Amino acid sequence: MADEESVTEAPDGSEPARKETAETPGEMTAETPGEASQATPPARVEDFMPLDLVIYPLGGRPFFPGMLTPIQVEGSPYYDTIKEALDSSGKMFGIVLSHAEDGNEVFDPEKLYGFGTSARIMEAAVNEDEKQIKLLAEGIARFEIREILQKVPVIKARVTHHLVRREDIHLESLKPYTMAVVNTLKDLLKYDSLYQEQVKMFLSRHNFSEPDRLADFVASLTSSSREELQEILETLSIQTRLEKVLALLKKELEIVKLQNKISKQVEQGISEHQRHFFLREQLKEIQKELGITKDDRTAELDRFRERLKSLTLSEEATKRVNDEMDKLGMLETGSSEYGVTRNYVDWLTSLPWGVHSTDLLELDRARKILDEDHDGLGDVKDRILEFLAVGRLKGEIGGSIILLVGPPGVGKTSIGRSVAKAVGREFFRFSVGGMRDEAEIKGHRRTYVGAMPGKFIQALRQKKVANPIIMLDEVDKIGASYQGDPASALLEVLDPEQNVDFLDHYLDVRFDLSKVLFICTANQLDTIPQPLMDRMEVIRLSGYIAEEKVKIARHHLVPKQLVKNGLGKGDLRISADALRAIVEGYAREAGVRRLEQKIGTIARKTAVKILDGIDKPVRVGRTEVEDFLGKPDFRDEKPLQGVGIVTGLAWTAMGGATLDVEAIRTGGDKGGLQLTGQLGDIMKESARIAMSYLKANCEELGGDTRRLEGEIHLHVPAGATPKDGPSAGITMTTALLSLAKNRPLSRRLAMTGEITLTGQVLPVGGIREKVIAARRVGLRELIIPEACRKDYEEVPEHVREGFTIHFVKNYKEVARIVFGRNRRRDPETP
């Protein structure tokens with residue numbers, strides 16, 4: 001037996017009537033008026049309903065029969081839709097849910113669901129000037145869209161109404177489902193009283209003995225998804241509808257129970273907190289009456305005064321503190337200004353005014369600490385000891401600014417820690433790399449919310465002394481932005497003549513930083529502003545040679561990695577040959593970071609082997625290195641030899657390197673110089689200067705200018721590495737001269753130096769790094785500008801050992817050293 005009956009329109013346009021057919025029991029089709037009079041009497045007022053409806057698309061949730069809803073529409077096509085419904089005889093229209101995600105597509109007929117609810121306009125207020133309508137609509141019955149009759153300006157559709165028959169409402173089989181829904185609804189009302197008003201509105205128009213209306217009402221009451229609610233709307237069988245609604249209601253009940261439980265837990269926590277608060281307040285009042293304790297403000301003021309007893313403030317700071325404490329005593333504790341003032345006084349009284357640690361300036365102790373913490377770096381240690389010796393004679397080392405410059409991983413930061421340890425001072429480190437806000441240096445003004453002092457004042461508060469060692473890492477990478485230039489802000493901090501009266505924007509009181517020892521670190525000097533450089537004493541850490549790296553690995557890196565990876569001293573043995581193989585094949589950079597990483601890799605793989613049951617200790621020799629680390633990352637650098645090939649020396653941020661410059665004649669009549677190898681502008685200029693000088697002096701140097709005719713190609717491997725700088729000038733000139741002479745170099749050597757158009761050899765930098773690079777590849781004869789003799793003599797003696805060095809002032813000396821005494825022209829011609 002069907003739960004719904006259908007109504008379609010009569011062909012002659014008369015009011016529809018119902019008639020049960022043999023094919024579809026309960027479905028009503030249009031007949032003649034005479035036949036309609038013999039049909040089953042209507043169950044409700046919905047008997048006579050138009051079957052061509054204007055459609056009002058709805059976003060969000062579906063609209064159910066029996067519901068009342070206020071609707072306000074404005075503008076087309078919403079206004080046109082409701083206006084046409086108002087102008088119809090029955091004031092009826094259809095409400096259909098749209099599954100369009102975009103609000104602009106709601107009026108697309110293709111986006112409409114197949115089922116909707118016919119609605120009757122009960123009240124309406126029309127404002128034709130603004131095309132606005134406010135109305136109250138009542139849901140009447142379900143309908144199914146059979147055909148879209150019109151798409152614009154409004155949507156019209158031919159529908160089939162599905163009406164409920166009276167006898168279907170009172171079926172005994174529905175009563176258990178109805179009671180189950182009612183009982184669950186009662187349980188829901190116990191947990192959430194917000195549903196009570198909606199239930200009262202429902203009971204004012206219907207009752208629980210109408211299962212169809214009950215099912216629709218309860219479905220609309222839940223927070224189910226629109227797809228689940230649309231499924232309820234499309235369910236015609238009342239019993240099936242009640243079953244689905246009961247499942248949704250049970251789900252809603254569980255959600256409400258969980259929400260109620262969470263709310264009770266939160267309320268319980270808040271109540272407990274409030275109870276403790278009131279008890280504490282009562283305890284404070286009782287203690288105050290008995291004279292046992294003081295209120296918060298008095299206690300804080302007493303604490304600040306207690307701090308001041310052990311400090312020696314300047315006159316300016318003393319007056320400021322007293323004024324602020326008087327102000328604090330008058331402010332209400334609940335005001336925002338009280339919190340700002342309290343924090344300010346807290347900062348002022350927390351700083352170490354007049355508190356200094358005693359320096360330990362014993363050179364033997366300092367030398368021992370430096371030797372324990374670092375292998376190699378003898379020249380750097382000597383400079384630091386000289387610095388400490390001067391400090392001992394003066395009685396203090398405050399006011400000095402040291403700049404440690406070197407490639408990554410050479411120990412700049414650890415040197416700073418060792419100095420602090422040797423002197424016996426507190427150590428504070430922070431990085432200024434990438435810093436773009438000068439407030440990080442000089443603090444924020446107190447007018448800002450969350451304002452704080454700068455890093456230097458924070459360091460003094462944290463270390464509790466006015467003369468710590470403060471390390472500024474990466475000063476070469478400091479930035480600038482619209483928020484200010486931190487490098488300029490550092491000028492005051494790092495100037496011993498100015499930092500005696502350093503003014504932090506937050507404190508707004510001058511503090512003496514002249515006793516602080518500043519140690520800065522950088523990888524290069526080019527990016528440091530010159531005014532800042534002038535304030536610092538530069539100490540260079542050029543890097544380590546292979547022997548030094550092996551010592552560092554044995555004394556520091558291996559023990560550190562054993563502890564880090566949970567290994568004991570007897571678990572792993574790495575031979576000196578293995579360490580040298582790691583240095584030469586996997587870690588050729590100037591520092592030791594990559595070396596430490598490779599040792600860590602060996603330690604981790606050793607841990608796996610030990611857990612797999614291998615006998616201890618695990619021994620690693622030269623032959624086992626590849627088993628742990630794979631194929632070497634670096635091949636042996638063997639300088640190339642031949643006509644037009646010369647080895648040069650270069651400096652990089654990672655240390656020194658050797659570069660082979662190659663020159664060949666490619667022929668052609670155009671002439672010119674082709675340069676490859678990712679050369680920078682300065683290096684390209686050096687190549688052009690070399691070519692110009694050689695063409696002007698080729699005959700005198702024993703070359704043949706005919707070999708330089710046509711196109712000359714100059715290449716500097718490796719092509720993927722950018723290169724720039726003037727130090728390859730004499731190297732390029734020698735490669736071109738070798739080509740002009742058609743002779744290779746008489747022996748293996750390397751060179752560095754800048755050349756001018758008149759043949760003068762100018763000084764270049766990075767001599768130590770370049771000497772180390774030459775030593776690494778087995779070159780022991782070098783050509784260096786005479787002006788760099790002092791730089792070479794500063795290279796440690798154990799690094800210079802075994803080298804033959806030629807100091808030159810002009811290129812003719814270079815040609816004489818490389819090719820011997822020049823002849824006017826070689827007998828062989830191209």
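Trainee: Where is Lys131 found?

Mentor: Lys131 sits in the loop between strand E5 (112–127) and E6. Helices (H or I, at least four residues) and strands (E, at least two) are DSSP runs, numbered from the N terminus. This is a predicted model: local features need pLDDT of at least 70, side-chain atom pairs count only at pLDDT 80 or more, and totals for chains, interfaces and linings use all residues. Residues are numbered from 1 along each chain as its sequence is written, and side-chain values use heavy atoms, with hydrogens and water left out.

Trainee: What is phi of Lys131 near?

Mentor: Near 50°. That is a positive value, and Lys131 is a residue other than glycine.

Trainee: Now Gln678. Which loop holds Gln678?

Mentor: The loop between strand E19 (672–676) and helix H23 (681–697). Gln678 is not a glycine, yet its phi is positive, about 55°. Gln678 counts as partly exposed, with 42% relative accessibility.

Trainee: Switching to peptide bonds. What joins Val152 and Pro153?

Mentor: A cis peptide bond, with omega about -5°. Pro153 lies in the loop between strand E6 (132–150) and strand E7 (155–164).

Trainee: And what joins Lys616 and Pro617?

Mentor: A cis peptide bond, with omega about 0°.

Trainee: Where is the place of Pro617?

Mentor: In the loop between helix H21 (593–611) and strand E16 (618–620).

Conventions. Buried means under 20% relative accessible area, exposed over 50%, partly exposed in between (1.4 Å probe, protein chains only).
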